[in-house]
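Have the structure open as you read.

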Number of protein chains: 2
Amino acid sequence: MKTLLNDPPECTSNLLAMRDTLDVLGGKWKLLILHYLMTRDHQVNTFKKIQREIIGISAKMLTKELKDLEANKMVKREVLNTRPISVEYSITDYGRTSKEIIEKLVEWGNRHRHKLLNENEY
Amino acid sequence: MKTLLNDPPECTSNLLAMRDTLDVLGGKWKLLILHYLMTRDHQVNTFKKIQREIIGISAKMLTKELKDLEANKMVKREVLNTRPISVEYSITDYGRTSKEIIEKLVEWGNRHRHKLLNENEY
DNA sequence: GTAACCAGTAACCTTTTAGTAACTATTTAT
DNA sequence: ATAAATAGTTACTAAAAGGTTACTGGTTAC
């Protein structure tokens, strides 16, 4: 096993776990998409709807990120029998497990912003 | 304000917070360095020691990541009066606030790994 | 028939990130 | 004088990530 650190061995496995997580959830849009789908769970979220509402994402990136998330079972893809055809994406139960991580990131980011604002007051 | 999403407005601010966090903690080595310094808090962690023990990191990347972390007050830099001169890096109290995030990422990564292993059994 | 809508794909380009190798400056020991 | 150690820097390169534009194929409304 290739190690990332000298000693203690537990640290190496922690760091591999961190990297695994970031492999699945990293990238510019993945957490955003998960958050989007989680907060709109009751709606029918089609490709076009997602693309319209997540400002700035291109079809290419949305396709790619959704494929990656689907491969990791975070997201379910379903072709709807509509004319013209549309495809619904929804979050899976497994995808919902990312909620805790997202919450921590949001929390920390907000605290960080407040910290910066307070530092600039004098 | 440039928004990332169409409505609800709270979502946009959540997503900005997530991005802020990843700006500070993202990158290949930052979480690894924080984790390293946190688990070796009682030691004198010099540049060379860190470079020797975090396998694979180059001087250039270590310099850069430490500078970034210092700029965000996650890490403290102190020149020691030794011959030859050496520089000690240590985690700050603020840097320690990343612990919760790191723990969540480790936890999720480990659960994800077990999930994959169980799926491949048949 | 033609324009519009959906869900993509393909080719190409730019930016960001990371890696490599050589080098600087200072000090000490041989 | 030279080698070794510390803490970097600089220039160049490669790889990864992301963006842009134009396009496909099927269907419906005009």
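Does Lys73(B) count as buried or partly exposed, and why? This is a predicted model, and in it Lys73(B) has 16 C-beta neighbours inside 10 Å, so it counts as partly exposed; being buried would take 20 or more. You'll find Lys73(B) in the loop between α4 and β1 of chain B. Its backbone is worth a look too: phi is positive, about 60°, although Lys73(B) is not a glycine. Most residues other than glycine have a negative phi. Over in chain A, Lys73(A) also has a positive phi of about 60°, sits in the loop between α4 and β1, and counts as partly exposed because it has 16 C-beta neighbours inside 10 Å.

Most peptide bonds are trans. Arg83(A) and Pro84(A), however, are joined by a cis peptide bond, with omega at about -15°, and Pro84(A) lies in the loop between β1 and β2 of chain A. In chain B, a cis bond links Arg83(B) to Pro84(B), with an omega of about -10°; Pro84(B) is in the loop between β1 and β2 of that chain.

Now zoom out to the pair of chains.

How do the chains meet? 33 residues of chain A are in contact with 33 residues of chain B. On the chain A side, α1, α2 and α6 each give two or more residues, and α6(A) gives the most, with 11. That side divides into 17 nonpolar, 11 polar and five charged residues. The copies meet through the same surface, because 100% of the interface residues of chain A are also interface residues in chain B.

Helix α2 of chain B deserves a stop as well. Eight of its 10 residues are buried, so this helix is largely enclosed by the rest of the structure. Among the buried ones are Leu31(B), Ile33(B) and Tyr36(B).

Finally, turn to DNA strand C. 18 residues surround it, and the closest are Thr46(A), Lys48(A), Ser86(A), Lys28(B) and Arg83(B). The elements giving two or more residues to this surface are α3, α4 and β2 of chain A, together with α4 of chain B. By type, the surface near DNA strand C has eight nonpolar, five polar and five charged residues.

Note on methods:
Residues numbered from 1 in each chain as written. Chains lettered and ligands numbered in written order. Predicted model: local features only at pLDDT ≥ 70, side-chain atom pairs only at ≥ 80, totals over all residues. Buried ≥ 20, exposed ≤ 12 C-beta atoms within 10 Å, placed from the backbone. Helix = DSSP H or I, 4+ residues; strand = E, 2+ residues; numbered from the N terminus. Contact = placed C-beta atoms within 7 Å. Near = placed C-beta within 6 Å. Nonpolar A, V, L, I, M, F, W, Y, C, P; charged D, E, K, R; others polar.
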